[in-house]
Amino acid sequence: MKQIAYEQLKPGMTTAEDIYAMNGQQLLVPKGTKLTPLKLQLMGVFSIRTVYIEDDIPEGAGASESVDKKSVVNDLRGSGIPGFTSNLPEPVREARIQEIKEYKKTYGEGLNYFQVAVNNLVAKNTDLNVDTILNQTLSLLHPKRQNISVLEMLLYMKEYDNSVYSHCINTSLLCKMLAQWLEYSEDDCRMAAACGLFHDMGQLAIPDEIIQKPGPLTPEERKIVNTHPEKGYQMLEEYGVDETVRLAALMHHEKCDGSGYPRGLKDKEIDRFAKLVTICDIYDAMTSDRPYRKALTPFAVIEHFENDGLSKFDTRAILLFQENTANTYLNCPVRLSNGSVGYVVFINRGRLGRPIVQCGNEFFDLSKRDDLTISEMLAVV
């Protein structure tokens, strides 16, 4: 092999070593890759200066600078990328579509079950069986499905009404996923899911005209809404629900820097499961339509977390949530605010909410383009 300058590279040359971004962690081009114009452009974006290539340069290497459309798609797709199905073999694509349809059906059944159970509870027609309701919700986490795909699947579920019921189910699934990322025990992962599932019960005691108000709340209305954590705690206490679940309902709007409500608690005063619920509650709420605004993209929410700083949240949990969530959508199709359509091809570790997006033959580094944002996550089937 031999080392040559980036400017001397030609399409058709083969890399002799893995090529990494300057952070040394993101693999750009694997060893043994035949360079294409797109690969060369990607390396240029990351200011790669020198590259080791194989000594034997194929005849005709560099003869054509045109970008082959099929190779561009293959470069983007790679292999086994979750959520990108455009060029998958038809049987694989059909299987994926079927999986999404089945998940929607199961989700709808779980949502209906939870809504009926909670409504009966509020009407005092039944006792609260936490385990039964939780088991129904956790059935949405199919053992054969990787947890990393839960975020993607939940995007497809946004067609359901954005009621407190669907929000609680989504938050429960996200809490279970985050607890697993944090390597909690199986029992603690289940507890995290239970905390997420029942965290917003107090919302049911708030008048619908306030919850569904399309405009800003008045100071008096905001005071009423801010009572829902305490109302949820009291409701769950009446039914003898586990103290940890009750505390999550009470504390899920508290912030580690003391800026939350209802009691302005700080870091160690807040239950550890409630801290997970806080993150997942915000994420699901912001990625869902509300009467007063449209849903934000996952990257916009990640950027919101980054701008909010680390002082408000459990540091390890929020960093892990941001990084894993951003990586989930690597290679997913998106629409930019300028109307361009492309794919997320690189996650900027310094600004996770502003990745690099490839549109046609052009790369947009959103960490350096504050005039552009990801405005929409596109369907992948």
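Let's call a residue buried when under 20% of its relative accessible area is left, exposed over 50% and partly exposed in between (1.4 Å probe, protein chains only). This is a predicted model, where local features need pLDDT of at least 70, side-chain atom pairs count only at pLDDT 80 or more, and totals for chains, interfaces and linings use all residues. Residues are numbered from 1 along each chain as its sequence is written, and side-chain values use heavy atoms, with hydrogens and water left out.

Helices (H or I, at least four residues) and strands (E, at least two) are DSSP runs, numbered from the N terminus. Helix 12 is mostly covered, with 14 of its 15 residues buried. At its start, a side-chain oxygen of D271 comes to within 2.9 Å of the backbone nitrogen of F273.

On to the rings. Phe, Tyr and Trp (its six-membered ring) pair if their centres lie within 6.5 Å; planes under 30 degrees apart are stacked, over 60 edge-to-face and the rest tilted. The structure has eight such aromatic pairs. F114 and Y165 have ring centres 6.4 Å apart and planes at 75 degrees, so this pair is edge-to-face. Because F114 lies in helix 3 and Y165 in helix 6, the pair ties together parts that are 51 residues apart in sequence. Both F114 and Y165 are buried. Elsewhere, W181, Y283, F305, F313 and F321 form one aromatic cluster.

Here are the helices of the edge-to-face pair:

| Residue | Helix | Residues of helix |
|---|---|---|
| F114 | helix 3 | residues 90–122 |
| Y165 | helix 6 | residues 164–181 |

Definitions and conventions:
A polar contact is a pair of N or O atoms within 3.5 Å; within protein, one must be able to donate a hydrogen and the other to accept it, and residues adjacent in sequence count only if both atoms are side-chain atoms.
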